[in-house]
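Subject: The two-chain model, with notes

Hi there,

Here is the structure I promised to pass on.

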Amino acid sequence: MDFHRVRWWTYATVIVVGLLVLAPFAWMVATALMSTTQTLQATPSVIPSPPTLQGVQEVFAKLPFLRLLGNTVVVSLGRALATLVIASLAAYALAIIKVPGARIILVLVLMLIMVPGDIFIIPSFSIMAKLHLTNTLVALVLPNVFDVFGVFLLYQFFRGVPRELIEAARIDGASHLRILFTIVVPISRGGLIALAILAVLNEWKELLWPIVVNNDVDQLTLGPGLALLRGTAVTDWNVLMSAGALATLPMIVIFLLLQRHFVSSFARSGLK
Amino acid sequence: MSTTTSLRVPDAPPVLRRGKRRRSRRGALTGYLFLVPLLFGLAVFRFYGFGYNVWLSFTKAGAFGPARFIGLDNYVALISDSQLGVALVNTFRFVVVAVPAVVIVSLLCATLMQHRFRGESVFRAILFLPAVCLPTAIIFVFGWLFQTQYGLVNATIRSIGASPVSWLGSTTGVTVVVTLIVLYLSFSVPTIILYAGMQDIPTEFYEAATLDGAGPVRRFFKITLPLLGPSLFFVVLTTTISVLKLFDVVYLLLPPEQSTSVNFGMTVLYYYYQLAFVGIGQRGYAAAVSLVLFVLILVVSLVFFRLQRRFVHYGEDG
């Protein structure tokens with residue numbers, strides 16, 4: 001029996017939802033190709049005529065865009081890598097070595113997942129100031145790489161690694177570090193990829209922390225960097241939309257290339 | 001894993017077993033070493049950070065100079081702080097409006113994903129686009145769409161003869177725009193979580209219900225929704241917490257300089273940011289405000305878990 005028979009209204013809803021999701025992107029790209037005067041018409045035209053790259057040029061004039069893009073790549077990859085290393089080591093100790101006290105640490109990890117720690121910006125800021133790390137790329141990621149959710153996620157994956165494989169490798173004289181990298185990590189690849197993607201996506205979402213800890217535009221990523229384009233008195237929307245389109249395009253390409261991994265990492269964020 | 005077959009556990013001889021015990025003690029040492037980075041980071045950023053924050057909340061501290069202990073003064077000031085009241089009311093309003101919106105839309109999208117139709121994979125890709133894009137860019141697009149003078153939404157309203165709305169000039173307007181943005185930015189992940197939950201529901205339930213004459217709507221409310229319990233609970237809880245912590249949307253939509261309209265959407269975290277990092281900085285007081293938000297989130301989580309025990313059924317024992 002087919003309970004999800006496709007009727008006409010399924011198609012209708014799918015088309016409406018799809019168009020609604022795409023509409024903001026379309027409007028962003030359309031505005032990006034307009035001149036400033038075109039954006040300031042009493043009756044706005046939807047299609048840029050003639051299309052111009054004036055907005056894009058303005059973006060490069062007003063922002064160190066490539067620098068921001070480079071920073072974004074470095075910071076995202078750095079955050080993902082550091083999160084993976086710290087979480088894998090911890091999860092290995094908890095799930096595979098099962099150190100004495102592992103249960104207590106695990107309870108602590110679960111508790112910290114539930115407790116919102118990221119709202120305490122002032123302490124993190126003064127720690128960074130004491131370490132003389134404000135206005136550096138390191139400051140953007142350092143407080144966020146000790147990811148308790150990631151530890152728990154990898155813990156669940158590592159627990160699924162067959163015990164015999166570990167024992168056999170131990171008897172062959174392999175060190176724990178070697179076992180982690182040659183046996184546990186390859187088997188738990190799915191979990192690690194999911195965690196890496198979640199770390200990158202979370203970095204893209206950061207705004208409050210970056211604008212607090214770094215006020216030098218050269219040390220920012222695209223999200224907070226673009227925020228600087230918003231004018232205090234007048235906003236050139238074509239410039240803003242050009243910047244948005246330029247920043248979003250690479251992300252969409254990455255998503256489309258790795259779509260399968262993205263979707264499964266979303267599903268994994270469900271803590272199951 | 002081609003190595004699985006070649007690696008087998010041999011019966012350990014007595015000598016080896018003694019070695020194994022020594023190894024396991026060494027293993028514990030290695031294990032603690034492996035835990036050092038995590039525990040050190042948590043000790044610094046979570047525990048010391050929290051303690052420092054609590055201490056600050058009992059002091060008068062600015063952006064510069066040492067903090068001075070003032071006892072409970074900050075907490076007394078909280079009670080009569082009308083600005084905090086505004087921020088709390090706004091935050092609650094966003095939760096009450098935006099969370100149901102996110103849940104309903106992601107339920108709808110998850111239901112659509114269950115259907116097999118042409119262009120299904122394209123539809124899925126589109127559904128996930130908002131979750132992988134730069135929120136700043138998305139928030140700005142919505143700000144532009146709802147711009148009073150030149151925005152597309154008001155142009156449409158004008159073209160049908162109605163009078164344009166000052167979207168960021170009223171509580172209702174701001175609530176509408178903020179809700180749409182929150183919805184747009186955060187329905188994708190709940191959709192996939194609910195979809196996964198729907199896949200777990202045994203088809204026999206649907207078969208039995210259909211035989212009893214239940215239509216699709218009835219099946220949704222009598223089977224899908226109740227059996228979706230755990231996923232639904234998770235989605236509602238995480239969405240609620242993220243809206244309680246809302247900052248980026250209101251900050252980018254209503255910049256601090258536009259003091260007239262900021263109050264229509266100022267959230268607790270935004271107020272905290274302003275107190276601590278704009279102007280002279282009232283960090284001691286801001287620390288107290290952040291603890292209010294902290295307690296609020298904890299209480300909401302605990303209430304949800306209590307409700308979950310009563311209403312959410314896991315597996316067959318439900």
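Below is what I found in it, going from the whole down to single residues.

Please keep in mind that this is a predicted model. Chain B is made up of 16 helices and 2 strands. It has 318 residues, of which 36% count as buried. If you take the contacts in chain B between residues at least 6 apart in sequence, 69% of them join residues at least 24 apart.

**Where the chains meet**

Between the chains, 82 residues of chain A are in contact with 85 residues of chain B. On the chain A side, helix 1 (residues 8-32) gives the largest share, with 12 residues. That side of chain A consists of 60 nonpolar, 17 polar and 5 charged residues.

One helix pair to look at here is helix 14 of chain A with helix 6 (residues 135-145) of chain B: their axes are 9 Å apart and the packing angle is about 150°. The two helices are therefore roughly antiparallel, since an angle over 145 degrees counts as such. Helix 14 of chain A passes its partner in a left-handed crossing. From helix 14 of chain A, the contact uses Trp237(A), Leu240(A), Met241(A), Gly244(A), Ala247(A) and Thr248(A), while helix 6 of chain B brings Ala137(B), Phe140(B), Val141(B) and Trp144(B). Sorted by class, these are 8 nonpolar and 2 polar residues, with no charged ones.

**The core**

The largest nonpolar core has 163 residues, and Ala90(A) and Tyr92(A) have the most contacts inside it. Helix 4 (residues 65-97) of chain A supplies the largest share of this core, 16 residues. Which residues does Tyr92(A) contact, leaving aside its neighbours within four places in sequence? They are Ile97(A), Phe158(A), His176(A), Leu180(A) and Val184(A), together with Phe34(B) from the other chain.

**Helix 15 of chain A**

In this helix, Phe262(A), Val263(A), Ser265(A), Phe266(A) and Arg268(A) are buried. Their cover includes helix 8 (148-159), helix 11 and helix 14 (237-257) of chain A, as well as helix 5 (120-132) and helix 9 (188-199) of chain B.

Helix 11 (residues 189-205) of chain A crosses helix 15 (residues 259-268) of chain A at roughly 90°, and their axes come within 9 Å. That angle makes the two helices roughly perpendicular. Gly190(A), Ile193(A), Ala194(A), Ile197(A) and Leu198(A) of helix 11 meet His261(A), Phe262(A), Ser264(A), Ser265(A) and Arg268(A) of helix 15. In this contact, 5 residues are nonpolar, 4 are polar and 1 is charged.

**A helix pair within chain B**

Helix 4 (residues 82-114) and helix 12 (residues 229-244) of chain B cross at roughly 145°, with axes that come within 9 Å. Helix 4 of chain B passes helix 12 of chain B in a right-handed crossing. Among the residues of helix 4 of chain B that take part are Phe94(B), Val95(B) and Val99(B), and those of helix 12 of chain B include Val236(B), Thr240(B) and Val243(B). The contact divides into 10 nonpolar and 4 polar residues, and no charged ones.

Best wishes

Methods
Residues numbered from 1 in each chain as written. Chains lettered and ligands numbered in written order. Predicted model: local features only at pLDDT ≥ 70, side-chain atom pairs only at ≥ 80, totals over all residues. Helix = DSSP H or I, 4+ residues; strand = E, 2+ residues; numbered from the N terminus. Buried ≥ 20, exposed ≤ 12 C-beta atoms within 10 Å, placed from the backbone. Contact = placed C-beta atoms within 7 Å. Axes fitted to C-alpha atoms, helices over the stretch in contact; angles between N-to-C directions. Parallel < 35°, antiparallel > 145°, perpendicular 65-115°, else oblique. Nonpolar A, V, L, I, M, F, W, Y, C, P; charged D, E, K, R; others polar. Core = buried A, V, L, I, M, F, W, Y, C linked by C-beta atoms within 7 Å. Left-handed = near helix turned anticlockwise from the far one by under 90°.
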